[in-house]
Amino acid sequence: MQIPFHVNLKDKVAVVTGGGGILCSCFAKALAQCGAKVAVVSRRAESADRVAKEIQENGGEALAVTANVLDKQSLEQAKQLINRTFGRCNILINGAGGNHPMGTTDNEYLHKKDLNPKEFDVNFLGTLLTTQVFAKDMADHDGNVIVNISSMNAYTPLTKIPAYSGAKAAVSNFTQWLAVHMSKVGIRVNAIAPGFFLTAQNRSLLLNEDGTYTERAQKIINQTPLDRFGVPEDLIGTLLWLVSDKASRFVTGTIIPVDGGFSAYSGV
């Protein structure tokens, strides 16, 4: 993977949750290319192993870590392993999460015939618990950064995905709160709010079996001035800017949209 520019992350330890996924594996590789020692954290061991191995084969330092971001004990064990192997965490990327199928409604609008309750789970807790665990490494040291992954859903909730929308709104609010809370102990906190990217989780919602856009996907493209879905590499420049003290040392408490203009377009 070719990164848009290089920042010096030598001797930094970066923890990337959700590191086995499409977007966060790209984050992990970019951080490694800039010299960071990267802990690739995933609930699925094979996913973490795959990404860590790719980083190592390209000359970077990486550690595959299996952990559940909703289980604090699991996170504590992950932290111990990372500390023994690489040292204390300097950069935390809270990327684990996603739109669970049980949090998706069948229709955009509720009709009387649809009044059947459904269970859903949220992914905000993964950001909260992971921050609680790894911020212990970061407090009272200079140059520490937390980057959370929010979403366009945090600005305007989309139809059919209430759990995901609510969780990402919480992530954005938590980012701002945490930036203030951590401001006196040397930790900057920001978030990236991706627009619409094709991933394994949303592919079935956006693409038909023949690869054409679904009706929902076409609505998104119609609202996106740059007229396409994002690709993971579109997020790397923003990520590297946010984790670099030289580039963004006075930036904290922000949520940066990377959305092809979606949030700026009114529809008319």
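Before I turn to the model, one definition: a residue is called buried under 20% relative accessible area, exposed over 50%, and partly exposed in between, with a 1.4 Å probe and protein chains only. By that scale Asp 11, at a relative accessible area of 58%, is exposed.

What I am showing is a predicted model, in which local features need pLDDT of at least 70 and side-chain atom pairs count only at pLDDT 80 or more, while totals for chains, interfaces and linings use all residues. Residues are numbered from 1 along each chain as its sequence is written, and side-chain values use heavy atoms, with hydrogens and water left out.

Let me stay with Asp 11 for a moment. This residue sits in the segment before β1, where helices (H or I, at least four residues) and strands (E, at least two) are DSSP runs numbered from the N terminus. Although Asp 11 is not a glycine, its phi is positive, at about 70°. Asp 227 also has a positive phi, near 65°, and is likewise a residue other than glycine; it belongs to the loop between α7 (215–222) and α8, and at 55% relative accessibility it counts as exposed.

Now to the interior. A nonpolar core here is a set of buried Ala, Val, Leu, Ile, Met, Phe, Trp, Tyr and Cys residues joined through side-chain atoms within 4.5 Å. The largest such core has 37 residues, and the members touching the most others are Leu 31, Val 38, Ile 93 and Val 147. Among the elements that give two or more residues to this core are β1 (13–17), α1 (22–33), β2 (37–42) and α8 (236–243), and the largest share, eight residues, comes from α1. If we take Leu 31 and leave aside neighbours within four places in sequence, its contacts (heavy atoms within 4.5 Å) include Leu 9, Val 38, Ile 93 and Leu 240. There is also a second, separate core of 29 residues, which includes Val 15, Cys 89, Ala 96 and Val 189.

Which helices come within 8 Å of each other, by their axes? They are α4 (residues 124–138) and α5 (residues 162–181), whose axes cross at roughly 30°; the axes are lines fitted to C-alpha atoms, for helices over the stretch in contact, and angles run from 0 to 180 degrees between N-to-C directions. Angles under 35 degrees count as roughly parallel, over 145 as roughly antiparallel, 65 to 115 as roughly perpendicular and the rest as oblique, and α4 and α5 are therefore roughly parallel to each other. On the α4 side the meeting residues are Phe 124, Thr 127, Leu 128 and Thr 131, and on the α5 side they are Ala 167, Ala 170, Val 171, Phe 174 and Leu 178.

Finally, the salt bridges, each a side-chain nitrogen of Lys or Arg within 4 Å of a carboxyl oxygen of Asp or Glu. How many does a search of the whole structure find? It finds six. In one of them Lys 29 pairs with Glu 54, with the closest N and O atoms 3.1 Å apart; because Lys 29 lies in helix α1 and Glu 54 in helix α2, the pair ties together parts that are 25 residues apart in sequence. Lys 29 is buried, at 18%, whereas Glu 54, at 31%, is partly exposed. Asp 137 and Lys 79 also meet in a salt bridge, at 3.1 Å from N to O, and here both Asp 137, at 8%, and Lys 79, at 12%, are buried.
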